Amino acid sequence: MKRIVIVAALVAMGAAAYAAPPAGGPPPMPPYMLRSLAPEGDRLKPGRDGKTVFEAQCGYCHLVGGMGTNLLTKQQMMAGNPPEQGLLANRQDLTRDYVKAVVRMGKGAMPQQTKVDLTDAELDAVAAYLGKAG
Amino acid sequence: MKLHLPPRVSPKQFQSAMTAFAGVVGKDWVMDSDADRDAYADTYAPGSTEEWPASAAVAPATVDEVRAIVRLANEHKVPLWPVARGKNLGYGTAAPRMEGTVVMDLGRMNKVLELDSTLAYCVVEPGVGFYDLYDKIQREKAPLWLSVPGNAWGSVLGNALEHGIGYTSYGLHARNLCGVEAVLPDGDLLRTGMGAMKNNPAFHLFPMSYGPTWDLAFSQSNIGIVTKAGVWLQPAPETSLEIVWDIPKVEDIGWVIDTITPLKISGLIDQNVFIPSWLGKMVLKGQRKDFWDKPSAIPDWRVDELLKEHKLGYWQVALRLYGEEPVVKARAEVVKAAMKRNLAAAPQENWWRQGDPIGQYDTTMGVPSAVPLQMSDWIGGRGAHMGFSPVVPATGKHVLDQMARSRKIIADFDVDFYASFTIGGRFANNVNMLMYDRDNAEEVAKMRKLFDALIVETAKAGYAEYRTHLGWMDPVMETFDFNNHALRRFDEKVKSALDPNGIIAPGKQGVWPAVYADKRGSAYKGGQ
């Protein structure tokens, strides 16, 4: 039951952050999140822009309202953490190696990502961007 | 995953093929490590991923590179499994049908080559995903809408070529394809339709060729690799109205189909009407164990309780109309009056007008979303799904008959019943979603037996699937039995003539080239 309450609260909060809910009605769903354009240049060269790569290639699921964000928000709230921790970009506890392992091997509902999805150089940049715990 | 070589290819031959491929695409885009093979495995495999193992993947960036790889593959006798973005989730992901086949990942060919707002079409390469095309349309403020499948992480062309369906007026995605460019098994390059003439501006506008029309011969097919195609798009409407009815009882699906189908055939409704059962809503509300904590199927009495607790009908019809406001209003009156004959409760109505925001999950307005994949979390663990998807005539009688049969078989296996029907015109696609935990061997084995039973019993009643997972491509093709499997005999005659080395996607949809004929059924361990 606790989980159901949390999910309901999560939907309401997610929506409230982006639009005022109409009086009495259900909260509106979040708007579509336009992703960044993938950075120009050689995808195989080191020094890619991690934030932009993350938004372009991981943004399908890990921006506001995305599939990954929704599931992670639920997990974080079950663990007693604030819902904002469902967004990977807000996490302070991820390590670079952990990010790389999850991307290449998948985890739970997340399928593994190929090198065409994300090259090693791009993954290094994303891991550096998200891996704030070192 | 360890290396599984293609049949009759030695390690030395294989290595020389990889070296030759690297000479075309560069060594970084030939991916043949154990980790690379894992990356191209079926992420929802019902059983071991080693039943459908790729030996490597190669990722060309241009048509010329595709042609060069195909020629080299012929030379080295190494077969290729082309994927657009490799996100065919529930049907095999990027994994090949035959062991050792090299995945040709076309994800790097991701250009939107044309976007024409006047004639409402685009020309895209196979690596263009629904999100990519949607973002491009938003950035250019083009007055065009997409039609997207339930999971829109994949490729626009890949989904259309696999006969994917969406929930707008353009929901029969293969029908939106117009004018295909394909690399043939010998490396030649073909353009269909008006594109067969150099520089013909009607390439992606007129849907037929002079003489035989081949466009759809490249869909669910292994006679070529599509490198670009035209896709017709819906002009953004001035308004749209969503009308939502909760349909109380399971057997009500009969009259719902008989009410909507004639309006769909007449053109009054132009949307593909998606009718999911209650479980489609429930999977987004939490995990199965929150609602039923036993491994046995959720019993009917508990379903009734859940429907009451969550104010759900057994089915929900969320029908959408598109167009100018007076036209939409007039159409809505006809639809509402028709539904009212069987359902007194007034529907909920949600108007959208140009300039209003569009929600992130509005798939019936062509917004791409991967959120339906959240259903993987319903079971927990490494959640996965497979869809059993027969096509039935869109009448209440056929739909009720099909549903009763599937429901009984699924109940006999003590599995939850999660069905949807999508009315595409004179037919309905029935998807029975089977959800399981990949790490529960007993559950996986049960699902496989259940899948076998569904195919066999459904075929006995005269219905067939429109699409299936790698592991059942042969058994489903086997059900197309008219005149001693005349369709398969024809497909294979064409396949073997065009592709004597069996280079492109051997075994795709149960069509085997003569050179690999002994592989039919080889990886399929039905019911184990």
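Biologist: What makes 84 the figure to quote for chain A?

Modeller: Chain A averages a pLDDT of 84, and 79% of its residues score at least 70. That number is a confidence, because pLDDT is the predictor's confidence in each residue, from 0 to 100. This is a predicted model, in which local features need pLDDT of at least 70 and side-chain atom pairs count only at pLDDT 80 or more, while totals for chains, interfaces and linings use all residues. Residues are numbered from 1 along each chain as its sequence is written, and chains are lettered from A and ligands numbered from 1 in the order in which they are written.

Biologist: How many residues of chain A are in contact with chain B?

Modeller: The contact joins 28 residues of chain A to 36 residues of chain B. Helix H1 (2-16), helix H2 (50-62) and helix H3 (67-78) of chain A each supply at least two residues of the chain A side. That side divides into 16 nonpolar, seven polar and five charged residues. Here Ala, Val, Leu, Ile, Met, Phe, Trp, Tyr, Cys and Pro count as nonpolar, Asp, Glu, Lys and Arg as charged, and the others, Gly among them, as polar.

Biologist: Let's look inside chain B. Into which domains is chain B divided?

Modeller: There is domain 1 (1-108 + 470-528), domain 2 (112-235) and domain 3 (239-467); such bounds come from an automatic or database domain assignment. The C-alpha centres of domain 1 and domain 2 of chain B lie 23 Å apart. Their contact takes 28 residues from domain 1 of chain B and 23 residues from domain 2 of chain B. H3(B) gives the most to the domain 1 side, with six residues.

Biologist: Why are S5 and S9 of chain B called edge strands?

Modeller: They belong to an open sheet of five strands in the order S5-S6-S10-S8-S9 (chain B), with antiparallel pairing. Strand S5 (112-116) and strand S9 (189-191) of chain B each pair on one side only. The name therefore rests on pairing, which needs at least two bridges found by DSSP between two strands. Helices (H or I, at least four residues) and strands (E, at least two) are DSSP runs, numbered from the N terminus.

Biologist: How do you know that S8(B) and S10(B) pair?

Modeller: Strand S8 (residues 177-183) and strand S10 (residues 225-232) of chain B share six bridges in the antiparallel sense. The rule asks for at least two bridges, so these strands count as a pair. In this pairing, Val180(B) stands opposite Ala229(B). Helix H3 (residues 63-76) of chain B packs on the sheet, touching S8, S9 and S10 of chain B, at about 50 degrees to S8(B).

Biologist: Why is one side of S14(B) and of S15(B) left without a neighbour?

Modeller: These strands lie in an open antiparallel sheet with the order S14-S12-S15 (chain B). Strand S14 (315-323) and strand S15 (348-353) of chain B stand at its edges with a single partner strand each, so one side of each has no neighbour in the sheet.

Biologist: At what angle do H7(B) and H13(B) pack?

Modeller: Helix H7 (residues 253-266) and helix H13 (residues 396-412) of chain B pack at about 145 degrees, with axes 8 Å apart. Axes are lines fitted to C-alpha atoms, for helices over the stretch in contact, and angles run from 0 to 180 degrees between N-to-C directions. Among the residues that meet are Trp255(B) in H7(B) and Met403(B) in H13(B). The contact residues divide into six nonpolar, two polar and one charged.

Technical notes
Contact = placed C-beta atoms within 7 Å.
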